[in-house]
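Please keep the structure open while you read.

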Amino acid sequence: MALSLHTKLCDMLDIEYPIMAFSHCRDVVAAVSNAGGCGVLGTVWLSPEEITAEVKWLKANTDKPFAIDVAFRTANQEIDTVERLLTKVPQEYKDFMDGIKKDLGLPEEIPGTRLERPYIGPEGAYESVKRQWEAAIKEKPAVFAAALGVTREAIEEAHAAGIKVISLVGNVKNARRVAELGVDIIVAQGTEAGGHTGRIGTMALVPQIVDAVSPIPVLAAGGIGDGRGLVAALALGAVGVWTGTIWLPVHESPLADWIKDRMLEAADEDAVITRVYTGKTARGLRNKYIDLWTQPGALPTLPMPLQGIYHPMPWSVYTEDPTSLAIFNTPQLREWVSTASGNIVGLINGRKSARQVLYDMVTQAVDILGTE
Ligand SMILES: Cc1cc2nc3c(=O)[nH]c(=O)nc-3n(C[C@H](O)[C@H](O)[C@H](O)COP(=O)(O)O)c2cc1C
């Protein structure tokens, strides 16, 4: 059967192109949805109230479908408040991180930027995630996406509200597990991906998950950067692609300018796996903070969520706050912050709008396929 860009995903989500775009920036999400793909807003740092406000903003800025993504990062962990978690971080880790902060002259609080710590409200980590997904579902986005696991309760609530549920996985075992829980679409994310990632490459993972969960539709993620990647994903049996890294340096993204420049200069091998930010394996552009934890005699990283609760450095800088920008925009500190990013970073060689990135991907795919 000839491959076509109009896939089951387009029918399920009522979108023109089978391209989903993950971003923490609502402007990128709205731009992709308005251009015919489906933007996905990451909400891991946001309070339930902020999630409500972001969905309302998106609804005011696009009449097309978009997704809200919640990270179920603590679903299997004990109920804990920030204060209690902080007491569990060993003193030698606090001393180590305080030392870095002091050496670099970082202030106690960095205004206008989050340290990209997952949101934990006074109710504790477990309840916070529940409040996040409840807030997202209450606002009825077209799609609800879940990373790092998902619960049957969340899936049932989304379905009762008429919302499609997507779950990201990195191996066949977890694909089978979320299929059994009743998700509508599964994202098979290969190790090439930016952000939290597993061990299996996209090329090996996608066809195995397609076979394991059929007839549930599968999206390919990890290392997809242009029309060639999109066509390859379709050839592997996916009904579309789920992408992240390529949306970081677009015009609409508030990622600091010098980090966008680093992405344009970076090569495939510059995106490395580290546990230093969250305690779980995640891929990002190398920087001095990541390197510090790999030196001989370095402390082993702590498990999630302890590793992330005290660390002194943001992974990247998303802010227009002048004080915060001034703190990081010095030749010394620029080397300590970068961004989560996948291996496809080496393919990005110019700054474009989100609409242009989407159209270039579609145009190249149509060229290869010889048909829409
Ligand atoms: C900066 C960044 C942050 C990410 N944060 C999340 C997140 O909070 N939730 C999530 O589901 N996926 C997250 N991801 C993973 C993406 O959803 C997507 O699976 C991945 O970027 C696909 O691989 P690619 O980067 O090669 O396109 C993140 C990716 C990047 C690059």
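1. Let's begin at Lys288, which sits in helix H12 (residues 288-292); helices here are DSSP runs of H or I with at least four residues, strands are E runs of at least two, and both are numbered from the N terminus.

2. Which residues does Lys288 touch, leaving aside its neighbours within four places in sequence? They are Glu335 and Trp336, where contact means C-beta atoms, placed from the backbone, within 7 Å. Trp336 is 48 residues away along the chain, yet the two C-alpha atoms are separated by 4.9 Å.

3. A word on the source: this is a predicted model, in which local features need pLDDT of at least 70 and side-chain atom pairs count only at pLDDT 80 or more, while totals for chains, interfaces and linings use all residues. Residues are numbered from 1 along each chain as its sequence is written.

4. Now look at helix H11 (residues 257-265), whose buried residues are Ile259, Arg262 and Met263. Seen down the axis of H11, these fall within an arc of 100°, so they line one face of the helix; the arc is that of the directions from the helix axis to the C-beta atoms. The buried residues of H11 pack against strand S11 (282-285).

5. The largest nonpolar core has 108 residues, and those touching the most other members are Ala67, Phe144, Ile186, Ala188, Leu219 and Val241. Such a core is a set of buried Ala, Val, Leu, Ile, Met, Phe, Trp, Tyr and Cys residues joined through C-beta atoms within 7 Å. Beyond four places in sequence, Leu219 has contacts that include Leu9, Met20, Ile185 and Trp242.

6. Around the ligand there are 25 residues, the closest being Ala147, Gly194, Gly195, Gly244 and Gly342; a residue is near if its C-beta atom, placed from the backbone, lies within 6 Å. Strand S3 (67-71) and strand S9 (241-243) are the elements that give two or more residues to this shell.

7. Finally, the whole protein: 16 helices and 11 strands. Its radius of gyration is 20 Å, close to the 21 Å of the globule rule for 372 residues, so it is as compact as a globular protein of that length; the radius is taken over C-alpha atoms, and the rule is 2.2 Å times the number of residues to the power 0.38. Buried residues make up 47% of the 372.

Note on methods
A residue is buried if 20 or more other C-beta atoms lie within 10 Å of its own, exposed if 12 or fewer, and partly exposed in between; C-beta atoms are placed from the backbone. Two residues are in contact if their C-beta atoms, placed from the backbone, lie within 7 Å.
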